Amino acid sequence: MDLDDTPEQAAYRAQTRAWLEEHKSEAPVLRGPGALKDEAEILAARRAWQGRLAEAGLAGVTWPKEYGGQGLGPIEQVLSNQEIARAKVPGILDAIGVGMLGPTIIAHGSEEQKSRYLGPMLHGDEVWCQLFSEPAAGSDLAAVQARARLQDDGSWRLTGQKVWTTNAHFASYGLLLARTDADVPKHKGLTMFIVPMDAEGVTVRGLRQISGEAEFNEVFFDDVALDSGAVVGGVGNGWGTALTTLMFERVTIGLGSEGLGYNSARFAAAIAGDEHARRDPEVRHQLGEIASELLAVRFTGYRTLTALQKGQIPGPEAGLAKVTIVSAAIKAGDLIADVLGPDALLEDSEWAYMISFLPGLKSAGGTEEILRNTVGERVLGLPPEPRLDKGIPFSELRSKEGATV
Amino acid sequence: MNLALSDEQVFLREAARGALSRFKTLEAARAALNGEKDALPDLWAVAKEAGWPGLLIDESHGGAGLDAFDAMLVLGECGRVIAGISLLGHLPATAILNDAPGGAPLLSELASGERRAAYLPVCPPDDLVNEWSVDPAHGSERLPAPSAVSDGAGVRVSGELSFVPDAPGADLLVGVAILDGPRQPGCKPVGVAIEADATGVSVQALQRYDSTRSLGHLSLKDAPATVLDTPAEALAGAWYLAQALIAAESLGSVETALDVSVAYAKERHTFGRAIGSYQAVKHSLTEVLRQLENGRSLLYYAGWARHGGPQEFPLAASAARSVASRALDQAARTMISVHGGIGATWEHDAPLYFRRAQLSRRLLGGTALATDRVAGEVIAEADAA
Ligand SMILES: Cc1cc2nc3c(=O)[nH]c(=O)nc-3n(C[C@H](O)[C@H](O)[C@H](O)COP(=O)(O)OP(=O)(O)OC[C@H]3O[C@@H](n4cnc5c(N)ncnc54)[C@H](O)[C@@H]3O)c2cc1C
C-alpha cells in the first residue's frame, strides 16, 4: 500500500510541473486582482488555454495517441489535474466533452467521427454539450421524446426539446439522445446523434440559475436535418451508448471533486480566519465532520484509481462519493455562512456562488435518490421497485401514465 | 499509487476470519449480558496462536514486524463478530515499547503473548485542552495525565485513569506520564511501563452496557515504573493508533450489521413486496454503505499515514475514528429498524451491535474529541498554508 509515484509517474509529474511553471503566466486569470471581466473575453481565453494544455499533453491524457491524446492511464490524468490545481491555473473549459463525450465517441464512434471531431474537441476549438435531459426525461432518461425520423435518402430529421444543457450557448456540437422507434419498449428505440449546434432549426435559450448566472440552457430542434453519418454507436443502440457516457460522468465527478474546490483545506481556511469561530466547539465539531467526509472522498478516489490501474471499471458505488461531496459541501457552505454572517451572501462572494450552485448539483449527473436506488440495487443487490413501464412500447406509455394517477 | 491489499494482507484477514469463526462469539456475548459467569471464550489463546500480540513488534524482538493497517485488518475481523480479544489495549502498548530502544527486554514475552500489556490512554494536547489529558470517570471535563517523579533509576507514577480498555488482567501497563508534572514549568511527557502487580497499582474491573468490552479504572499511587526512551511523536502516535484500531473494529461491526440487514431486507415481504424494494429501507441501507465506504477509505489513509506521512497521522486516524463511530451507530440503528419489532428484542443480534456502538463511541476520548481533533488539524494546516 503506498501513495507514492512510481519512477515513471514521478517523471511525468516533474515534466508536467515544469511545463506549468514555464507557461502558467499565459493562463487566464478568473479570480482576484486582474481577473477578466468580459464574458466573451473569458471564453476566448479559456479556449486558448485548453488548446495550450492539450498541446502540452495535459488534457485528454487517457485518449489514444492517434486522436491527440497521450495514450496514458487515468493515474496520469489525475497527476496532471493535481499539478494544474497546484499551479493555481484553470483546467480545461470543456470537461464535459473531453471527460465524457469524447470517450463515448472513442468507444462507440466511427473512424470518420473520431478523426473529424476529437481533435478540435480536445483543443477547445469546438466545445461540446450533452443533449440528454428533456423536460419529461431526466432521472427517467430513457423516456426522451426528441424524435429523429429516418428519411428515404438515409438522412434524419430531428424535432424536440432538450433542457439543462450546460455550455450549449457556446457549444459547436452536441451529443444527443433521440427516439428513433416509438413502437418498441422505451430503452430499445433510442439512438445517439452528433448534432451541429449551428444547424438550421436549432435554437438555444439561456436558463438562469439560482446564482443568477446562465450556465445551462434549453435547446429546441425544429425539423433539423442530420446526415446518416451523425449516428453514434448504431441505430437503436442509444441506451447502451448513453450508459457509457454516464459511466464516464461518474468517474469525472468521483475523481474531480478536488477540482471543483470542495476540499477541507479551502473550507478550513474560511473558518481559521475567524478568531472566535476557530475556538467554538460547535463550529469545530461541524468542521471536523465535514473535513472527515471530504478526506474520505479523496481516499475513495485513490481507491478508484487503484481499481482503474488494475483494469477494473469503477462501479456504481462511485455515485456515493458524489452524494458525500455534495452533502459535505452544502454543510460547509451553511457553516461558513453561519460564521461569516450575511457577508458570505454578498452576490459576488465565492461562498454565495457555491451556496447557490450546490442545490442544483444535487440533481446534476443523477439525483441523490436515483444514485441511492442504483447503488441499493446494483451494489447491495436489493430488489428493484416494481415499475409500470417494463416491456410496453413507448408509444403506449403516456396513456398508461395518465391512468395510474 | 496502490491502495490494494497485498496477498499477505488478504491472507491475514482470511486467517483471522477463519480463526474467530470457531467460536460462537455473539451467543457468548448475549450469555455474558445475561450474567452467566465465564461465558466469553478465551480469545487471547487464539490471538497467541495466530501471532497477533506481536503484530506491531519488530521481527528482531519476536514479533511479526507489521504495520498499523495489518493490525486494523485483524481488529476489523474482531469487530465483525464482536469478539473481545484485548488487542485494543495490547497493540498500542507494544507500539510504544517497540519505538523505545530501551523497551527491548520487555518485548519478546509480549510478542509471543506470554504476557499481555494494556495501553494507558493519554491524549496529546490540542487547541482546546492545552495539556496531555485523560478521560474522566464522570462528566465531560478532561483531567490531567498521570505525573511521574524521578526515583533513582526509574520513576514513580501517580494518577487516575478511567475506562482503560483491557486493563483487567493485563500484566504490564504502558503509557504516558508527565515528568515533574502535571502543570509545572518544564514538565514533559515520558513513556512509562508499570508492572500491574507493583505496589501502588490498583485496577478495578468494570462492565458498561457491552459485555464483550473489558474495561478498568486504574489508580496509580507512587507506582514504580520504568522510563522508556520513546520519542514524543511515538507517544502521541500510540493515542492515534488506538483511534485507528477502534475505528477499524467499529467498521468490522458495520460490515456485519449491514450484511445481516440487507439479507433480511431481501427475504422479508410486506404488501406483496420484499421490504428492500421500498426506498425508505433501500436508501437507509445505502446510507450505511456510504458511511462504511467513507470509513474504509479513511482506514487506508490512517494505515498509510502512520509511516508514509506521519505528520498526517493525527488527522487521518482521528477522521477515521470520527466517521467509523458514526457509521456504527447508524448501522446498528438501521439494523434494528429494518428488522422491525424483532430487531428490538433481547434474543436478536442487533442489540449486541447497538450496545457495542454506544459504548465504543464513548471510549478513548469519545467520538467528539476525535472530531474536534480533525478540525484542529485542518485549521492548523490552513494557518500554515
Ligand atoms: C447544474 C445542472 C447542470 C446540468 N447539466 C446537464 C447537461 O449538461 N446535460 C444534460 O443532459 N442534463 C443536464 N442536467 C440535468 C440533470 O441530469 C437532471 O436534472 C437530473 O437527471 C434530474 O432530472 P429532472 O431534472 O428531470 O428531475 P426528475 O427526474 O423529474 O426528478 C424530480 C425529483 O424526483 C425524484 N425522483 C425521480 N425519479 C425517482 C425515483 N425513481 N425514485 C426516487 N425519486 C425519484 C428525483 O430524485 C428528484 O428529486 C443538469 C442539471 C443541473 C442541475
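A disulfide is a pair of cysteine sulfur atoms within 2.5 Å. By this rule, the count over all chains is zero. B:Cys187 is in no disulfide, and the nearest cysteine sulfur, that of B:Cys123, is 16 Å away. B:Cys187 is partly exposed, with a relative accessible area of 27%. B:Cys78 is buried, at 0%. Here buried means under 20% relative accessible area, exposed over 50%, and partly exposed in between (1.4 Å probe, protein chains only).

The model is predicted: local features need pLDDT of at least 70, side-chain atom pairs count only at pLDDT 80 or more, and totals for chains, interfaces and linings use all residues. Residues are numbered from 1 along each chain as its sequence is written, chains are lettered from A and ligands numbered from 1 in the order in which they are written, and side-chain values use heavy atoms, leaving out hydrogens and water.

Chain A has 12 helices and eight strands. Helices (H or I, at least four residues) and strands (E, at least two) are DSSP runs, numbered from the N terminus. The radius of gyration of chain A is 22 Å, which agrees with the value near 22 Å for a compact globule of 405 residues. This radius is taken over C-alpha atoms, and the globule rule is 2.2 Å times the number of residues to the power 0.38. The C-alpha atoms of chain A fill a box of roughly 70 × 50 × 45 Å along the principal axes. Of the 405 residues, 49% are buried. Contact means heavy atoms within 4.5 Å. Among contacts in chain A with a separation of 6 or more, 70% join residues 24 or more positions apart.

Chain B has 11 helices and 11 strands. Its radius of gyration is 21 Å, close to the 21 Å that the globule rule gives for 385 residues, so chain B is as compact as a globular protein of that length. The C-alpha atoms of chain B fill a box of roughly 80 × 55 × 45 Å, again along the principal axes. Buried residues make up 62% of the 385 in chain B.

Chain A exposes about 18,600 Å², with 52% supplied by carbon and sulfur atoms. For chain B the accessible surface is about 14,300 Å², and carbon and sulfur atoms hold 51% of it. These areas come from the Shrake-Rupley method with a 1.4 Å probe. Chain A has 39 positive and 55 negative charges, with mean positions 4 Å apart. Lys and Arg count as positive and Asp and Glu as negative, without His and the chain ends. Each charge is placed at NZ of Lys, CZ of Arg, CG of Asp or CD of Glu. In chain B, the centres of 32 positive and 46 negative side chains lie 9 Å apart.
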